[in-house]
Amino acid sequence: TPGIRPLVAGNWKMNGTSASLNELVSIGNGFMKGLEAETDALVCVPATLLWRASEILHRTPVKSGGQDCHAKETGAHTGDISAEMLKDAGASAVIVGHSERRTDHGETDADVRAKAEAAWRAGIVAIICIGETQAEREAGQTLDVLSRQIAGSVPHGATHATAVIAYEPVWAIGTGLTPSVDDVAQAHAHIRTELTKLVGDEAGRMRILYGGSVKPSNAGELLAVANVDGALVGGASLKASDFLGIAEAY
Ligand code: PEP
């Protein structure tokens with residue numbers, strides 16, 4: 001989208017131990033060799049690695065992020081992590097409402113919005129995930145689902161500096177399947193329109209990422225689609241060469 005700097009964001013999910021930090025060193029080095037001129041980069045690692053990831057990436061253009069946060073700042077919530085804690089560990093962003101969180105932990109749109117507001121409060125960017133299931137797509141409900149998720153999950157008053165939208169068709173995540181470029185174009189244009197209803201002209205400055213089975217071989221065609229302002233990358237973000245290959249598509 002004209003005037004929007006693309007973002008390539010990685011999501012390591014529940015993968016990675018200290019041995020995986022080598023990949024971050026390679027990703028950081030790759031972005032210092034010119035890629036940073038074209039695109040911003042972020043890797044969302046497991047919370048256990050966040051502090052060390054932030055230290056490794058500190059001197060590179062690549063930022064670190066978390067994969068979920070609690071809506072509250074502190075309190076009696078054993079096992080949870082707040083947005084403020086992520087920020088303290090060096091995160092500049094957090095994924096909220098990933099379909100795996102919505103499914104595995106029953107997160108609702110209202111929960112996701114509360115988490116996005118928590119990120120805003122803490123001063124980190126919320127990457128708000130939305131997307132239809134296979135059944136919803138087959139029932140012709142894709143655009144309605146996206147409308148409902150945007151209205152329910154995106155904080156009112158969100159800006160390009162506080163929120164990024166990630167369109168991730170659930171059936172395309174980790175499956176090797178991707179929508180056609182026409183379907184991606186239709187979904188992203190619809191998301192931009194729905195965002196405009198919520199935040200007005202600011203919608204024209206907000207990033208809308210595509211996520212779901214992005215790899216180096218399909219990144220060029222997916223990232224060239226109108227209103228696609230970057231990618232959220234799961235499996236292919238675990239290997240530096242794949243992640244850098246996707247960023248090179250710009
Ligand atoms: C994701 O988890 O956000 C994702 C898009 O996964 P994958 O790239 O593996 O499909």
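Biologist: Happy to look at this predicted model with you. In strand 8, which residue is the bridge partner of Gly10?

Modeller: Start with the pairing of the two strands: strand 1 and strand 8 (residues 230-233) run parallel and are joined by four bridges. In strand 8, the residue that partners Gly10 is Val233.

Biologist: Good. Which residue of strand 2 is the bridge partner of Val8?

Modeller: Strand 1 also pairs with strand 2 (residues 40-44); the two run parallel, with five bridges between them. Within strand 2, the partner of Val8 is Ala41.

Biologist: And what is the handedness of the unit that strand 1, helix 1 and strand 2 make?

Modeller: Here the helix to look at is helix 1 (residues 21-32). Together with strand 1 and strand 2 it makes a β-α-β unit, and that unit is right-handed.

Biologist: Moving along, which residue in strand 3 is the bridge partner of Leu42?

Modeller: Strand 2 runs parallel to strand 3 (residues 62-66), and four bridges join them. In strand 3, Leu42 is partnered by Lys63.

Biologist: Through which helix does the chain cross from strand 2 to strand 3?

Modeller: This β-α-β crossover is right-handed. The helix on the way from strand 2 to strand 3 covers residues 47-57 and is helix 2.

Biologist: One last stop, the ligand: how many charged residues are in the shell around it?

Modeller: The ligand is surrounded by 14 residues, and the closest are Ile173, Gly174, Gly211, Gly234 and Gly235. Sorting the shell by type gives five nonpolar and seven polar residues. The number of charged residues in the shell is two.

Terms used
Residues numbered from 1 in each chain as written. Predicted model: local features only at pLDDT ≥ 70, side-chain atom pairs only at ≥ 80, totals over all residues. Pairing = 2+ DSSP bridges. Right-handed = clockwise from strand over helix to strand, strands pointing away. Near = placed C-beta within 6 Å. Nonpolar A, V, L, I, M, F, W, Y, C, P; charged D, E, K, R; others polar.
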